[in-house]
Amino acid sequence: MKPKIFFIILLFLAAGASGQVISGKSAKKKIDFSTNKRSVVTQLPDLIIKGEKFVDENENNLINGNENCFINLIVENIGEGNAENVIVKVSTKNSNIVGLDYTENITLGDLQANSGKNVSIAVNGGMDLEEGIAEFFIEVIEDRGFDAYPLEIKIETKPFATPKIIVAD
């Protein structure tokens with residue numbers, strides 16, 4: 001039994017000794033740390049929407065047919081960092097309102113830390129405006145993703161009231 005174990009051990013040692021070992025060095029490389037294209041943001045912007053107000057010509061708080069209205073608001077950066085390439089994007093949840101026209105994109109550019117900009121979104125009711133409720137969805141989008149929470153506004157729409165003329169004798 002001992003000669004068999006000795007023979008097996010000797011066989012493994014002989015197989016291991018004939019194994020080939022390859023080693024070497026890789027070519028020298030120069031690492032350049034000067035062209036780091038990543039920017040580290042240490043002071044972050046914090047965008048908010050505040051002071052939203054609907055303004056219409058006849059002050060009935062409706063979008064009437066053949067009426068020019070505005071949604072006024074303030075986009076403010078209350079953070080310590082600058083907000084880059086800020087855009088106000090306006091859409092409606094119910095895009096099926098005929099005769100409703102509004103400004104879809106407003107570019108604000110860069111917004112410095114602890115500053116704000118007034119925004120006026122034009123909303124117009126055409127002569128063919130239908131009765132319903134316009135559900136506006138307003139987003140403030142920052143280039144690096146530091147967006148504000150979106151704002152939702154619901155405003156009732158009324159069609160153009162045609163004048164009724166009665167000729168009495």
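# Reading a strand sheet and its contacts

User: Let's start with Glu-152. Does the residue count as buried or partly exposed?

Analyst: Glu-152 has 47% relative accessibility, so it counts as partly exposed. The cut-offs matter here: buried means under 20%, exposed means over 50%, and partly exposed is in between. Keep in mind that this is a predicted model.

User: And where does Glu-152 sit within β9, on the covered or the uncovered face?

Analyst: Read a strand face by face. In β9, Glu-152 belongs to the uncovered face along with Lys-154, Glu-156 and Lys-158. The covered face has Leu-151, Ile-153, Ile-155 and Thr-157.

User: Which residue forms a salt bridge with Lys-93, and how far apart are the closest N and O atoms?

Analyst: The partner is Glu-152, with the closest N and O atoms 2.9 Å apart. Lys-93 is in the loop between β4 and β5 while Glu-152 is in β9, so the pair ties together parts that are 59 residues apart in sequence.

User: Which side chain meets that of Lys-158 in a salt bridge?

Analyst: That of Glu-156, at 3.3 Å from N to O. Salt bridges can also link up: Glu-84, Glu-142 and Arg-144 are joined in a network of them.

User: On to the sheet. In what order do the five strands of the open sheet come?

Analyst: To read a sheet, go across it strand by strand and note the direction of each pairing. Here the order is β2-β9-β8-β4-β6, and the pairing is mixed. β2 and β6 stand at the edges with a single partner strand each, so one side of each is left without a neighbour in the sheet.

User: Which pairs run parallel or antiparallel, and how many bridges join them?

Analyst: Start from one end: β2 and β9 run parallel and are joined by two bridges. β8 and β9 run antiparallel, with seven bridges. β4 (residues 83-92) and β8 (residues 132-141) are antiparallel as well, with six. For individual positions, Asn-64 has Lys-158 as its bridge partner in β9, Ile-133 has Glu-156 in that strand, and Val-90 stands opposite Ile-138 in β8.

User: How many aromatic pairs are there?

Analyst: Check the ring centres, then the angle between the planes. The count comes to one. The rings are those of Tyr-102 and Phe-136, edge-to-face, 5.6 Å centre to centre with 90° between the planes. Tyr-102 is in β5 and Phe-136 in β8, so the pair ties together parts that are 34 residues apart in sequence. Both count as buried: Tyr-102 has 17% relative accessibility and Phe-136 has 1%.

User: Which residues have the most contacts inside the largest nonpolar core?

Analyst: Ile-71, Val-88 and Phe-136, in a core of 30 residues. Strands β1, β3, β4, β5, β6, β7, β8 and β9 each supply at least two residues of this core. Setting aside neighbours within four places in sequence, Phe-136 is in contact with residues including Ile-71, Val-90, Tyr-102, Leu-151, Ile-153 and Ile-155. Recall that Leu-151, Ile-153 and Ile-155 are on the covered face of β9.

User: Last one: is Leu-108 buried or exposed?

Analyst: Buried, because its relative accessibility is 12%. Not counting residues up to four places away in sequence, Leu-108 touches Val-75, Val-86, Val-88, Lys-117 and Val-119. For comparing sequence with space, Leu-108 and Asn-118 are 10 residues apart in sequence, and their C-alpha atoms are 9.5 Å apart.

How values were computed
Residues numbered from 1 in each chain as written. Predicted model: local features only at pLDDT ≥ 70, side-chain atom pairs only at ≥ 80, totals over all residues. Heavy atoms only, no water. Buried < 20%, exposed > 50% of the residue type's maximum accessible area, 1.4 Å probe, protein only. Contact = heavy atoms within 4.5 Å. Pairing = 2+ DSSP bridges. Helix = DSSP H or I, 4+ residues; strand = E, 2+ residues; numbered from the N terminus. Salt bridge = Lys/Arg side-chain N within 4 Å of Asp/Glu carboxyl O. Phe/Tyr/Trp six-rings, centres within 6.5 Å; stacked < 30°, edge-to-face > 60°. Core = buried A, V, L, I, M, F, W, Y, C linked by side-chain atoms within 4.5 Å.
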